[in-house]
Amino acid sequence: MTRVFVSQEIVEDALEEFEGSGITVDLRRDHRPLPAEELRATAADYDGLICLLTDRIDAEFLAACPRLRVVANVAVGFDNIDVAAATRAGVAVTNTPRVLTDATADLAFTLLLATARRVPEGDAFLRAGKYTHWRVKQEQMGVDVFGATLGLFGLGQIGRAVARRARGFDMTVLYHDVHRLPAEDERELGVTYVEFEELLARSDFVSVHSPLTDTTRHRFDAAAFAAMKPTAMLINTARGPVVDEAALAAALRDGVIAGAGLDVFEREPEVDAQLVQLRERVVLLPHLGSATGTTRREMCRMAARNVRDALSGKRPESLVNPEVAPREGTG
Ligand SMILES: O=CC(=O)O
């Protein structure tokens with residue numbers, strides 16, 4: 001029998017993708033991740049795994065699960081998975097690109113606007129019964145988004161979707177990425193390539209859209225914040241550890257930069273207590289990037305199709321390690 005384990009609650013109708021496949025699916029109806037040793041012990045009996053970002057799939061896990069042939073992450077990022085170890089072990093790894101691009105770009109822009117215009121502070125002010133007069137004090141004001149300079153750190157699918165949105169706000173869009181776009185694509189998208197230091201120095205808003213890698217980990221540290229404008233705001237909808245959270249909290253507290261809109265954190269779901277205490281021009285969200293009904297459903301369906309296809313001898317539509325030589329099925 002071919003068996004798939006779903007490590008945490010997902011959109012359940014995604015499991016319809018397995019109908020008629022002969023594959024048995026066990027869904028764990030819990031939204032909390034299993035401790036590592038329990039996940040290892042449970043997944044050991046399965047041929048396929050559907051997991052979330054909060055599940056760590058490392059060499060130790062893979063060694064404990066000799067039947068496993070595919071790990072499908074319900075996320076576009078896969079920094080929770082040791083892909084090299086999976087490839088060595090003959091385990092296919094898949095992710096969920098494209099289906100979440102626009103929802104995540106919308107959320108990045110939402111955070112940018114909410115931070116710039118201090119939306120949560122206004123909401124809290126009104127609910128506290130303090131809305132008695134028109135606000136004019138400069139220290140209570142937000143900043144303009146239209147016409148401002150936006151610096152994109154990372155110009156993959158999501159970064160590009162954010163650049164397209166920025167056009168509607170007449171923004172100047174700079175980007176820095178390890179890959180530079182062909183000049184024609186840059187022109188079409190209306191973006192200008194700059195070195196990292198220039199991105200920091202010129203941007204009114206810096207928005208992070210890079211994956212988490214050894215190179216991007218803590219790329220935004222105390223020195224990076226010191227190189228930004230004191231009026232600048234940092235938006236992060238990518239991965240928490242790209243930003244040194246303690247250094248960011250200090251930079252915000254000391255006025256080194258003016259604000260931050262964060263959807264991701266270094267140790268999710270934990271959030272740095274110092275950040276939580278900062279309320280002015282700091283907006284914190286619980287990783288909502290892809291959290292629309294349609295997008296989450298599509299991500300779960302894609303993960304289910306990826307597993308079904310991998311276990312049926314077909315190439316999954318979003319295989320992260322195409323070089324993998326698949327394990328023989330035991331099911
Ligand atoms: O963070 C969410 C994802 O990578 O899809």
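1. Across the interface of domain 1 and domain 2 the rule finds one salt bridge, a term that here requires a side-chain nitrogen of Lys or Arg within 4 Å of a carboxyl oxygen of Asp or Glu. The side chains of Asp-79 and Arg-239 meet in a salt bridge, with 2.8 Å from N to O. On the side of domain 1 that touches domain 2 there are two nonpolar, two polar and two charged residues, where Gly is counted among the polar ones.

2. This is a predicted model, in which local features need pLDDT of at least 70 and side-chain atom pairs count only at pLDDT 80 or more, while totals for chains, interfaces and linings use all residues. Residues are numbered from 1 along each chain as its sequence is written, and side-chain values use heavy atoms, with hydrogens and water left out.

3. Domain 1 comprises 3–99 + 293–311 and domain 2 comprises 101–284, with bounds that come from an automatic or database domain assignment. Six residues of domain 1 are in contact (heavy atoms within 4.5 Å) with four residues of domain 2.

4. Around the ligand, with a heavy atom within 4 Å of it, stand Leu-53, Ala-75, Val-76, Gly-77, Leu-100, Arg-239 and His-287. This shell divides into four nonpolar, two polar and one charged residue.

5. Arg-239 has a polar side-chain atom 2.7 Å from an oxygen atom of the ligand, and a polar side-chain atom of His-287 likewise lies 2.7 Å from an oxygen atom of the ligand. From Gly-77, a backbone N or O atom lies 2.8 Å from an oxygen atom of the ligand.

How values were computed
A polar contact is a pair of N or O atoms within 3.5 Å; within protein, one must be able to donate a hydrogen and the other to accept it, and residues adjacent in sequence count only if both atoms are side-chain atoms.
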